[in-house]
Amino acid sequence: MKVVDTKEYVSTLRELVRAGQEVSMPIAGSSMSPFLAHARDSICFRAPEQPLRRGDMVFYQRTNGQFVMHRIYRVRPEGYYIVGDGQTEIEGPIAETQIFAVVTRVQRKGKWIDATDFWWKFFAGPWLWVIPLRPCLVRLYGLLRFHRNK
């Protein structure tokens, strides 16, 4: 196994995106849970070809150099406000120049899906409206799954 610096790896993928390629990478981190899981799922992304909108999953670089993939919560003249599916704190404004890619499809639980999938639409739509309730909803879901599996 070869260990690669994340910043170097994503910088290389970013250059491929700039060259017009669609690239993929595994998910690292838990900020997009419950839609995407660390080390289980993967994403494909490319340079945006149309205006970005609420619900789009985008790849951007923070001013501190960190690369992040989250979902657009709000589009405003001053920039984009972005949040992970597993988060309650909205980040922004993010300048359009910081965003270098949009996610086109994901491999979730071993199956490739795109924006036509029910779960993609759910997390791009209703899940964005319940940001303050997310921790309670995730706990409730966990309890229901636990009792169902008993």
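Modeller: We'll take the fold, then the cores, then the surface. Keep in mind that this is a predicted model.

Biologist: Fine. How many helices and strands in the protein chain?

Modeller: Four helices and eight strands.

Biologist: In what order do the elements run from the N terminus?

Modeller: The order is α-β-β-β-β-β-β-β-β-α-α-α.

Biologist: What is the radius of gyration of the protein chain?

Modeller: The radius of gyration is 16 Å. The globule rule gives 15 Å for 150 residues, so the chain is as compact as a globular protein of that length. Along the principal axes, the C-alpha atoms fill a box of roughly 50 × 45 × 30 Å.

Biologist: And what percentage of the residues is buried?

Modeller: Buried residues are 39% of the 150. As for contacts with a separation of 6 or more, 53% are between residues 24 or more positions apart.

Biologist: On to the inside. Which residues touch the most other members in the largest nonpolar core?

Modeller: L36, I43, F45, M57, F59, M69 and V106. That core has 24 residues. At least two residues each come from α1, β1, β2, β3, β4, β7 and α2. The largest share is from β7, with four residues.

Biologist: Which residues form a nonpolar patch on the surface?

Modeller: L133, L137, L140 and L144. Together they have about 370 Å² of accessible area.

Biologist: Where is L144 found, in terms of helices?

Modeller: L144 is in helix α4, residues 134–148.

Biologist: Why does L144 count as exposed?

Modeller: Because its relative accessible area is 53%, and exposed means over 50%.

Biologist: What about Q50, buried or exposed?

Modeller: Q50 is exposed, at 55% relative accessible area. Q50 sits in the loop between β2 and β3.

Biologist: Last one. What separates the C-alpha atoms of Q50 and I131?

Modeller: A distance of 26 Å. Along the chain, Q50 and I131 are 81 residues apart.

Conventions
Residues are numbered from 1 along each chain as its sequence is written. This is a predicted model: local features need pLDDT of at least 70, side-chain atom pairs count only at pLDDT 80 or more; totals for chains, interfaces and linings use all residues. Side-chain values use heavy atoms; hydrogens and water are left out. Patches are made of residues with over 30% relative accessible area and no salt bridge: like charges are joined within 9 Å, nonpolar side chains (Val, Leu, Ile, Met, Phe, Trp, Tyr) within 5 Å. Accessible areas come from the Shrake-Rupley method with a 1.4 Å probe; for residues, only the protein chains shown count as cover. A salt bridge is a side-chain nitrogen of Lys or Arg within 4 Å of a carboxyl oxygen of Asp or Glu. Buried means under 20% relative accessible area, exposed over 50%, partly exposed in between (1.4 Å probe, protein chains only). A nonpolar core is a set of buried Ala, Val, Leu, Ile, Met, Phe, Trp, Tyr and Cys residues joined through side-chain atoms within 4.5 Å. The radius of gyration is taken over C-alpha atoms; the globule rule is 2.2 Å times the number of residues to the power 0.38. Contact means heavy atoms within 4.5 Å.
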